[in-house]
Amino acid sequence: MLAERVRFTPGRVCLFLALPLLGLVLFALQAQQGIVEGVLAAFEASSSQASKSLLLHYSWWPRLAMSLLAGGGLALAGVLMQQVLRNPIAAPTTLGVASGANLALMAATLMAPGLLVLGREWVALAGGGLAMGLVFLLAWRRGLAPMVVVLAGLVVNLYFGALAMVLLLFHQEALKGLLIWGAGSLSQNGWDDVVYLLPRLALSALAAWLLLRPLTILELDDASARSLGISLKHLRLAGLGLAVFITGCVVSVVGIIGFIGLAAPNIVRLAGARRLGQRVVWSTLLGALLLATTDQFLQRFSGALPTLIPTGATTAALGAPLLLWLIPRLRLAGGQPPGGATGSFGRRHPAPGRLATGLALGLFVMILVALLLGQGAAGWQWLSPGDWDVMEWRLPRMLAAAGSGIMLAIAGTLIQRLTSNPMASPEILGISGGSAIALIAAIFLVPSPGNLTLVAAGTLGALITLCVLIVLNRRSGYLPERLLLTGVAMTALFDAVRSYVLAGGDPRGQQVIAWLSGSTYYVDLSSALVVIVVAVCLALATRPFARWLDILPLGAPTARSLGIGVDRSRLALLGLVALLTACATLVVGPLSFVGLLAPHMARLMGFSRAGAHLLGASLVGAVLMVTADWLGRQLLFPQEIPAGLVASLLGGAYFMWGLRRL
């Protein structure tokens, strides 16, 4: 075993990638113009065989150079983030920097295109800096503690993604050109981008080298580092600021390239690079080789594919399984011990029944508002309950929103109590993303799929995701960090599938966009009745499990001593979570935060015991989704913001506020 580890070195890993890259490069040159002529074309476009020579000089060689530069830059940014935060799951994509840059470019394209003339790199830098600044703001009170920073980056990433989806939904034609770029495109039409990026990355590499010794001190604990007279906040600010600059420069040129900044540093660490200097050098080289090899494979086989696949989506699709393989091998600091998380929120209300009655009355009032109050051609007006012309489309939307809110809230409550992790939810842990991947596959692979087929596919996707969560986290006792990391991987895989669908130009992609946004616009009365009936039935089905949910957070030995079959009970509850998530995702998409928000709000109100917690969370979830659907119809009237996106914005804001309580 020791000999095998010695042979697995960073140099050999890089050589393992360099050899196929060299073979692909030689094959491409030979196929296009010949190896010698192709190499000469990198320096000058010859007049002989002008078309091929020009193609090599202005497109193929710049693309190869850009893939090497972008991969190396993202890997360097990942090393800096992981060193500063002492956390192997930190990366440009997991901390929201890339999504912030992407959102800024989308907003500038729509609202201030003149800024792009001055330089899109500055717009991307501003967006990435804003995202990282928001992360700093959320984590500054805790001294930029690594776990809090990663949680803040996760929610900022999801929040900015929801905002980007809002812009895309209303301006699909104007932003169509950004879809492929936003998914990570290395296509080049000259050397300008390479000339722009090369000096900036060279200066960044020099700055990283100068910061090498101070950043090495961060490997010590905080108390030891402070005893050496080091200001941890300012050192972390310098390291993360440099990483943001590198990411912004890369994103402004090639879009969002996923997982290079996360995978390369972890691979070289596992290969034996322990010192920071070694990780900086080998990670940068490995990141360049990873992206270049992936892009060359993509170009080699692109002719056999029915549509264009962005390189960024490909790296995410390949990186997600790699990250799932890495999770059991990474050393992560333990979070709260199991059993301590669920009891740390709120207080127990002396009369939960009376509190539930109050919530039910609030839900009834919100239902009346959603049905009777709204904007029309004459402004705000109350409708008569007998006005069926308007009520026939308001009623189905209200019922579908309430039903999906109930199901997501129950699923979130079950998963939080099972894992004793207050940050767990179907959205955060990737269960909604896994269900969404299966639903998208069903839409594209099954001719005219019915609702039953979609529910079955979504449930299967959620179950597969849950199985991955169980297998990867069972031995670690379901540590919050490992659960979150698994969710990051599944969410990234979902993002890759979504990017491929949106960039392919398939007409069914518009249907996927509408569904991903969580709109209830297309729900008819019969479907809405099915949703609300299924939600109520599944809610009633959870009632017999209340005793299990009270005892399981106490630990497996205690549960077994009280006569509970731990494995059997967990399997039954996780199956119920999968079914709830699939049914809700089918209605409001995978972007909602209701599964995280509703259980927290219910516990803060005083619903402590499992039975009361499930009831309170169900009512809160219904109120949230009905309110979100109503607000989405009124805020930009006559245009609409889908209920799922409104819930995401409300839930993301609550999550960011809640991080300050950690």
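# Notebook: helices, salt bridges and aromatic pairs

I counted 28 helices and two strands in the protein. Helices (H or I, at least four residues) and strands (E, at least two) are DSSP runs, numbered from the N terminus. This is a predicted model, in which local features need pLDDT of at least 70 and side-chain atom pairs count only at pLDDT 80 or more, while totals for chains, interfaces and linings use all residues. Residues are numbered from 1 along each chain as its sequence is written, and side-chain values use heavy atoms, with hydrogens and water left out.

**Entry: the whole chain**

I looked up burial for the protein. Of its 662 residues, 57% count as buried. Buried means under 20% relative accessible area, exposed over 50%, and partly exposed in between (1.4 Å probe, protein chains only). The protein exposes about 27,400 Å², and 67% of this is supplied by carbon and sulfur atoms. Accessible areas come from the Shrake-Rupley method with a 1.4 Å probe; for residues, only the protein chains shown count as cover.

I then turned to contacts (heavy atoms within 4.5 Å). Among the contacts with a separation of 6 or more, 78% are between residues 24 or more positions apart.

**Entry: the two strands**

How do strand 1 and strand 2 pair? Strand 1 (residues 373-376) and strand 2 run antiparallel and are paired over four bridges. Two strands count as paired if DSSP finds at least two bridges between them. They form a hairpin, with two residues between strand 1 and strand 2. I noted that G379 in strand 2 stands opposite G376.

**Entry: aromatic pairs**

I searched the whole structure for aromatic pairs and found two. Rings of Phe, Tyr and Trp (its six-membered ring) pair if their centres lie within 6.5 Å; planes under 30 degrees apart count as stacked, over 60 as edge-to-face and the rest as tilted.

W60 and W61 make an edge-to-face pair, with 5.0 Å from centre to centre and 90° between the planes. Both W60 and W61 are buried.

W380 and W630 make a tilted pair, with 6.1 Å from centre to centre and 50° between the planes. This pair links distant parts of the chain, as W380 is in strand 2 (residues 379-382) and W630 in helix 27, 250 residues apart. W380 has a relative accessible area of 49% and is therefore partly exposed. W630 has 13%, so W630 is buried.

**Entry: salt bridges**

How many salt bridges does the count come to? The count comes to four, where a salt bridge is a side-chain nitrogen of Lys or Arg within 4 Å of a carboxyl oxygen of Asp or Glu.

I took D295 and R63 to begin with. Their closest N and O atoms are 2.7 Å apart in a salt bridge. D295 sits in helix 14 (residues 276-301) and R63 in helix 4 (residues 50-85), so this pair links distant parts of the chain, 232 residues apart. D295 and R63 are both buried.

Next I looked at R397. The side chains of R397 and D629 meet in a salt bridge at 3.4 Å, N to O. Because R397 lies in helix 17 (residues 388-419) and D629 in helix 27, the pair ties together parts that are 232 residues apart in sequence. R397 counts as buried because its relative accessibility is 1%. D629 also has 1% relative accessibility and so counts as buried.

R397 forms a salt bridge with E640 as well, and here the closest N and O atoms are 2.9 Å apart. E640 lies in the loop between helix 27 and helix 28 (643-659) and R397 in helix 17, so this pair ties together parts that are 243 residues apart in sequence.

**Entry: R633**

I looked up R633 separately and found it in helix 27 (residues 610-634). Is R633 buried or exposed? R633 counts as buried because its relative accessibility is 3%. Leaving aside neighbours within four places in sequence, R633 is in contact with A370, W393, R394, R397, Q639 and E640.

**Entry: a surface patch**

L203, L206 and L210 make a nonpolar surface patch of about 340 Å². Patches are made of residues with over 30% relative accessible area and no salt bridge: like charges are joined within 9 Å, nonpolar side chains (Val, Leu, Ile, Met, Phe, Trp, Tyr) within 5 Å. I found L210 in helix 9 (residues 192-210). L210 counts as exposed because its relative accessibility is 63%.
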